[in-house]
Amino acid sequence: MAPSIRIKNISELPIISGSRNDTRKKISCITIGYREAEEQFSSDIHLDAFIILLVLSGKGHTVINYKAYDIQADTLLLLSSAHLFHFYECSDDFQCQCLFVSKAFTDEMDSTDMIYRRTKYGVRLYNQPVVPLAHPYAVLLAERLASINKNIDRTEHFYHKEVILNRLFAFYLDLSDILERTNLPHTDGCLTRYESIIKSFIELLATHYREEHKVDFYAAHLNLSAHHLTQIVKLVTGQSVSDFIFEMLFSEARNLLTHSKLSIQEIATTLNFSDQSSFGKFFKRKAGVSPVDFRKDIVFVEER
């Protein structure tokens, strides 16, 4: 039986969720060691975010969209919300800088969407997301990431968000320059048909899962029958289309119950459930507790 896929918002990651800085729930830059890699990223995870991972030291292995890669110091991983990934067998001296930029943060960037265009190298890096860097390039990017991290915590700054965006721009501009100069691993530039379908399905899902809960919707947009899409997703991932849809909904429900002031009814409406009762039944099947009790437990923990 295939291991289950964990679908989360970055605010749900234990290395981020404990922060009192709300900005870190939308954009976070942290360094993890082998323990965090094993404990929090040891099974396939989907994050609705742009993710940059820069290995600083040690060695390990990663699986990205069911392909295995060896990684070591000065290795860069460029992941989008269309990637599933996990680490395994990381050495004791493994360290990795991680930049997570959530969709919630990117939605607030207004005209700064040039960031994505400059770093979205399409099929080429979707299919080859692991890039070995010359050491000086890795050092430069590590410095840029450290600067982003420092400024995320400068919450007292009158232009806090603008300062973060400024540092983010500098990072992405350097990254774009480095990628243009780097001999990327050879690829024929083409995804297999199944890879292309999975990529398109996950991107479509990330955009529409709040309002569209039926397999037929996604299949129709991909010009497939529901049965064919289900077969492909099951074959490649070991999960059903419904597993993906429901896990995305459950992740967003947890996020809204934890971080928003919306009522249970408003959350049910936001996630396009027919009524509060059907949302409550869905949530209890997944969480083992009702939405009301889930929210009470969060308040109790925060007040302790």
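Where do Phe 279 and Phe 283 lie, and how many residues apart are they? Both are in helix α13, four residues apart, about one turn of the helix. Helices here are DSSP runs of H or I with at least four residues, numbered from the N terminus.

A word on the source. This is a predicted model, in which local features need pLDDT of at least 70 and side-chain atom pairs count only at pLDDT 80 or more, while totals for chains, interfaces and linings use all residues. Residues are numbered from 1 along each chain as its sequence is written, and side-chain values use heavy atoms, with hydrogens and water left out.

Now the aromatic rings. Rings of Phe, Tyr and Trp (its six-membered ring) pair if their centres lie within 6.5 Å; planes under 30 degrees apart are stacked, over 60 edge-to-face, and the rest tilted. That rule gives 15 aromatic pairs. In one of them, Phe 201 and Tyr 218 have ring centres 5.9 Å apart and planes at 85 degrees, so the pair is edge-to-face. Phe 201 is in helix α8 and Tyr 218 in helix α9, so the pair links distant parts of the chain, 17 residues apart. Phe 201 is buried, at 1% relative accessible area; buried means under 20%, exposed over 50%, partly exposed in between, with a 1.4 Å probe and protein chains only.

Back to α13. Phe 279 is buried at 0%, and Phe 283 is buried at 0% as well. Lys 281, also in helix α13, is exposed at 54%. Phe 279 and Phe 283 belong to one aromatic cluster, which also includes Phe 250.

Note on methods. Helices (H or I, at least four residues) and strands (E, at least two) are DSSP runs, numbered from the N terminus.
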